[in-house]
Amino acid sequence: MNLASIQAAENKLLLNTYERNPYLFVDGKGVYLRDENGDHFLDLLSGIGVCALGYGHPAIEQAIAHQSARLLHTSNLFFHQGTANLALLLTEISGLDRVFFCNSGTEAWEAALKLARANATKAREAGKKLGTKFLVLEHSFHGRTMGSVATTHKEKYRLPFGPVMPDVEFVRFDDVADLRAKFSEDVCGICIEPIQGEGGIHPVSKEFFVAARELCDSTGALLLADEIQSGIGRTGKWFAYQHYGILPDVTTVAKPIAGGIPMGAMLCAEKAAAAITPGMHGTTFGGGPLACAVAIAVIDTIQRENILAHVDEVGNYFRAQLEGLKQHHDSIKEVRGLGLMIGMELHSAELAKQVAAQMMERHIIINRTSETVLRFLPPYILERKHVDMTVTALDELLKANREYAGAVPAGEKIHG
Ligand SMILES: Cc1ncc(COP(=O)(O)O)c(C=O)c1O
């Protein structure tokens with residue numbers, strides 16, 4: 001089937017959840033995707049932060065080939081060789097003690113929410129006062145299942161599905177006074193994306209993160225860090241919280257962990273893990289042999305090839321180049337991010353829309369989030385020459401689209 005017939009069939013057959021761009025990709029190598037016409041696209045989105053080692057990476061290919069020839073699934077009623085090895089790697093790189101494996105980001109976040117509630121139930125049974133409320137940041141995104149969506153700020157995602165999980169209160173982003181005012185013994189968990197992704201690449205301040213840690217310590221509530229977009233090396237450290245010198249009680253990962261094979265994981269401290277006993281939580285496919293083998297290959301490659309240092313170096317270069325661009329374009333409001341999790345906010349939503357679409361026409365894939373923010377989540381193997389190509393194209397398009405530069409920002413206003 002060609003693009004047109006696939007489009008027609010999908011329009012008729014699929015639930016109407018995504019507005020896809022009209023491109024049909026057939027394979028990829030390194031940081032490039034190739035479409036049905038044989039055209040190459042420089043990919044600065046990596047499947048929304050998933051394909052961390054790019055496309056066709058030999059370590060991933062080998063892990064899939066090797067494992068699929070041996071064993072794909074055993075169920076969680078039996079042991080296999082991958083789970084403990086991967087859990088050991090994850091606990092070593094995170095500083096946390098135990099792992100729950102699942103299949104997606106939202107499933108990992110559900111596990112984190114359930115753990116916080118179970119931890120509070122256990123505390124109440126022991127005579128302590130700990131409630132059931134979650135404090136969550138405005139502009140947060142934690143996923144699409146009922147608990148995750150209840151802790152996701154944007155009403156469009158949440159309201160049509162109401163009533164979602166109760167006992168969630170939103171705190172103004174980075175507002176320590178608001179956090180303190182809303183915190184009490186009623187709270188079982190504070191939820192933070194150390195760098196908000198979907199919300200527009202906004203790193204939380206150290207002051208806010210530290211305050212959240214202290215408040216949780218004061219009652220036994222859990223500090224939950226969602227690293228589904230920022231974790232497993234994207235920011236130049238394994239976890240974004242490591243930039244802050246803070247250890248949460250719980251963190252969640254997914255997107256890049258198995259390089260494109262679906263996998264999620266919830267990692268937690270021993271004291272929180274004690275709230276879960278056999279039968280309370282689980283998932284059929286979680287931590288299967290294939291996903292574990294590939295995740296081990298991904299983490300091993302990042303370690304062996306010193307890729308975190310590369311992410312840091314190329315990320316710094318990328319942001320510096322974008323800052324340079326800002327000197328020449330009044331249409332750029334701010335450049336934000338860490339490592340290769342970067343956002344460039346424009347003053348105009350219409351300009352951001354035009355630039356993202358025209359970059360695609362130039363065969364460079366980027367994404368727009370929160371209306372005005374151009375988001376870059378490239379594979380970790382991106383090189384300076386790819387940054388240069390991207391920045392040159394952005395420069396030309398910002399010049400060519402000056403007519404939109406003064407347009408009033410459309411849609412909601414994010415983060416003041
Ligand atoms: C911070 C964060 N949490 C949760 C999710 C949900 O992950 P998934 O789409 O794998 O369910 C995402 C996805 O974009 C995310 O960025």
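Reader: What makes Gln-321, Leu-322 and Leu-325 count as residues that Val-391 touches?

Author: In this predicted model, Val-391 touches Gln-321, Leu-322 and Leu-325, leaving aside residues up to four places away in sequence. The criterion for a contact is that the C-beta atoms, placed from the backbone, lie within 7 Å. For Val-391 and Gln-321, the C-alpha atoms are 7.0 Å apart in space, while 70 residues separate the two in sequence. Val-391 itself is found in helix H15, residues 384-400.

Reader: Why is Val-391 called partly exposed?

Author: Val-391 has 17 C-beta neighbours inside 10 Å. A residue is buried at 20 or more and exposed at 12 or fewer, so a count in between is called partly exposed. Val-391 therefore counts as partly exposed. In the protein, buried residues make up 47% of the 416 residues.

Reader: How do you know that the radius of gyration agrees with a compact globule?

Author: For 416 residues, a compact globule would have a radius of gyration near 22 Å; the protein has 21 Å, so the value agrees. Along the principal axes, the C-alpha atoms fill a box of roughly 65 × 55 × 45 Å.

Reader: What is the strand order in the open sheet of 7 strands?

Author: The order is E4-E12-E11-E10-E7-E5-E6, and the pairing is mixed.

Reader: Why are strands E4 and E6 said to stand at the edges?

Author: Strand E4 (98-102) and strand E6 (168-171) each have a single partner strand, so one side of each is left without a neighbour in the sheet. On average, neighbouring strands of this sheet are turned by 20° against each other, direction ignored.

Reader: What makes E4 and E12 a pair?

Author: Two strands pair if at least two bridges are found between them. E4 and strand E12 (residues 264-268) have 5 bridges, in the antiparallel sense, so they meet the criterion. Phe-101 stands opposite Ala-265 in E12.

Reader: Which strands does helix H4 lie across?

Author: Helix H4 (residues 82-94) lies across E4, strand E11 (250-253) and E12, and runs at about 120° to E4. Helix H5 (residues 105-125) runs at about 30° to E12. The strands that H5 lies across include E5, E7 and E10.

Reader: Which element gives the most to the shell around the ligand?

Author: H5 does, with 3 residues. Of the 14 residues around the ligand, Gly-105, Thr-106, Gly-143, Ile-228 and Gln-229 come nearest.

Reader: How do the residues of the shell divide into nonpolar, polar and charged?

Author: The shell around the ligand has 4 nonpolar, 7 polar and 3 charged residues. Gly counts as polar.

Key
Residues numbered from 1 in each chain as written. Predicted model: local features only at pLDDT ≥ 70, side-chain atom pairs only at ≥ 80, totals over all residues. Helix = DSSP H or I, 4+ residues; strand = E, 2+ residues; numbered from the N terminus. Axes fitted to C-alpha atoms, helices over the stretch in contact; angles between N-to-C directions. Contact = placed C-beta atoms within 7 Å. Near = placed C-beta within 6 Å. Rg over C-alpha atoms; globule rule 2.2 N^0.38 Å.
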